[in-house]
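Hi everyone, thanks for coming. Let me put the structure up on the screen, and then we'll walk through a few spots together.

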Amino acid sequence: MTQAKTTLIGLTRDELESFARDLGQPDYRGRQLYRWLYARRARRFDEMSDLPTAFRDELTARAEPGCLALGQRSPSAPDGTQKFLFELADGLRIESVHLPESPGQTVCISSQVGCALGCTFCATGRMGFYRDLSAGEIVLQVMEIEQLIGAALTNVVFMGMGEPLHNYENVVKAVRLLTDKDGLGFTPSRITVSTVGIIPAIERWCNDNPPAKLAVSLHATTDERRLRIVPAARAFPLDALMKSLRRLAHVTRYPVTFEYIMIAGLNDRREDAANLRVLLRNIPAKVNLIRLHPTGSGLPPSDDETIHRFMGWLVEEEIDCTLRVSRGVEDSAACGMLFSNEPFRPG
Ligand code: SAH
Ligand code: SF4
């Protein structure tokens, strides 16, 4: 019986050293492999010119760099936003989005196939949960998109499918791979992991302090209202969440970004702005307002006039806020619209 090949992308430097050792090679061969795969983005062993031919032949027989099969690539939206559907080895599908000039070259990636948390406004939530992505599947979304667009990416946001902190270990491993100076080389402050607010995982994040920023999906200013749209709010009430985030801001020294989808009558009232001031007391914070993208949830989006009035109230409350430009809505590539139950069509 032939042995399954080892997939190398997703392995750390230590793991590649140990892989090289298993093949009877010195540790530094593992480090060479690491540099070829991540820093130089090589995708074939025969490109790895400083490895001995016999070792390259053995690698070809025993391992593969790793790849994601491109299922579909949407045409570019007028602003350049493009959605990519990838098929995983087990046939499940995920989506990732490229947002050029936003302001850097940003990629929005998935951390799970589906999501178990069922927020009412979110298309991924409605799919249910299939499985976690491996660290390799996470970094490969970035590496494949770089190859497909033929340009280097600068920013990575974990705002695609899934709840990253429900897949803590693989996400943190991917963050470390992405930000290693001798590897993929992304700047830590340009990696953002978005969470619905899983408190025990935020505590773990405070202890580990991985090289990335955390953003939190808040969306409401009282537990009662948050619970109407975010079922996870039952387990993670706002008081406890804010306490944890105060510690996070202190430990990481990054301000916490709060994502806030504008829903008419639910969270766009004058008192919500006042509540926010109280909630965010002593937390260096930025509030990122998001227009509700249509996903068939039946929730009413706040209109533009209300959004701008709400921004004025936030300014009165001395809260730093921005309105996120919605991109890729026509293409179902915008936040919360990623959903991948379509039949697989090779691209
Ligand atoms: N599970 C994580 C990350 C993925 S969702 C989280 O919830 O933060 C990424 C962002 O898209 C979140 O802020 C989420 O609230 C937002 N989002 C989900 N559905 C949306 C919709 N219909 N319109 C606008 N934003 C949405
Ligand atoms: Fe999951 Fe985030 Fe969607 Fe909620 S918004 S269902 S946590 S992916």
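Let's start with a question: which residue lies over the face of Trp36? That's Arg40, at 3.9 Å from the ring centre. For a charge to sit over a ring here, NZ of Lys or CZ of Arg has to be within 6 Å of the ring centre and within 35 degrees of the ring normal. Lys213 does this too, with its charged end over the ring of Tyr254, 5.9 Å from the centre.

Quick housekeeping. This is a predicted model, so local features need pLDDT of at least 70 and side-chain atom pairs count only at pLDDT 80 or more, while totals for chains, interfaces and linings use all residues. Residues are numbered from 1 along each chain as its sequence is written, chains are lettered from A and ligands numbered from 1 in the order in which they are written, and side-chain values use heavy atoms, with hydrogens and water left out.

Okay, on to strand S5, residues 93-99. Strands are DSSP runs of E with at least two residues, helices are runs of H or I with at least four, and both are numbered from the N terminus. How many of the residues of S5 are buried? 7 of its 7. Buried means under 20% relative accessible area, exposed means over 50%, and partly exposed is in between, using a 1.4 Å probe and protein chains only. In a regular strand the side chains alternate between the two faces of the sheet. In S5 both faces are covered, with Arg93, Glu95, Val97 and Leu99 on one side and Ile94, Ser96 and His98 on the other.

What does S5 pair with? Two strands pair if DSSP finds at least two bridges between them. Strand S4, residues 82-87, pairs with S5 in the antiparallel sense over 6 bridges, and Phe86 stands opposite Ile94. These two strands make a hairpin with 5 residues between them, and Gly91 in the turn has a positive phi of about 90°. Strand S6, residues 106-108, also runs antiparallel to S5, joined by 3 bridges, and here Leu99 stands opposite Thr106. That hairpin has 6 residues between the strands, and Glu101 takes a positive phi near 45°.

Now, aromatic rings. Rings of Phe, Tyr and Trp (its six-membered ring) pair if their centres lie within 6.5 Å; planes under 30 degrees apart are stacked, over 60 edge-to-face, and the rest tilted. The whole structure has 5 such pairs. Phe84 and Phe86 are stacked, 6.3 Å centre to centre with 10° between the planes, and both residues are buried. Tyr168 and Trp205 are edge-to-face, at 6.4 Å and 90°. Why care where they sit? Tyr168 is in helix H6 (residues 168-179) and Trp205 in helix H7 (residues 199-208), so the pair ties together parts that are 37 residues apart in sequence. Tyr168 counts as buried at 7% relative accessibility, and Trp205 is buried at 0%. Tyr260, Phe310 and Trp313 form one aromatic cluster.

Last stop: Asp180, in the loop between H6 and strand S10 (191-195). Asp180 is buried, with a relative accessible area of 17%. Its side chain makes a polar contact of 2.5 Å with the side chain of Tyr34. (A polar contact is a pair of N or O atoms within 3.5 Å; within protein, one must be able to donate a hydrogen and the other to accept it, and residues adjacent in sequence count only if both atoms are side-chain atoms.) The Asp180 side chain also reaches the backbone nitrogen of Asp182 at 3.2 Å.
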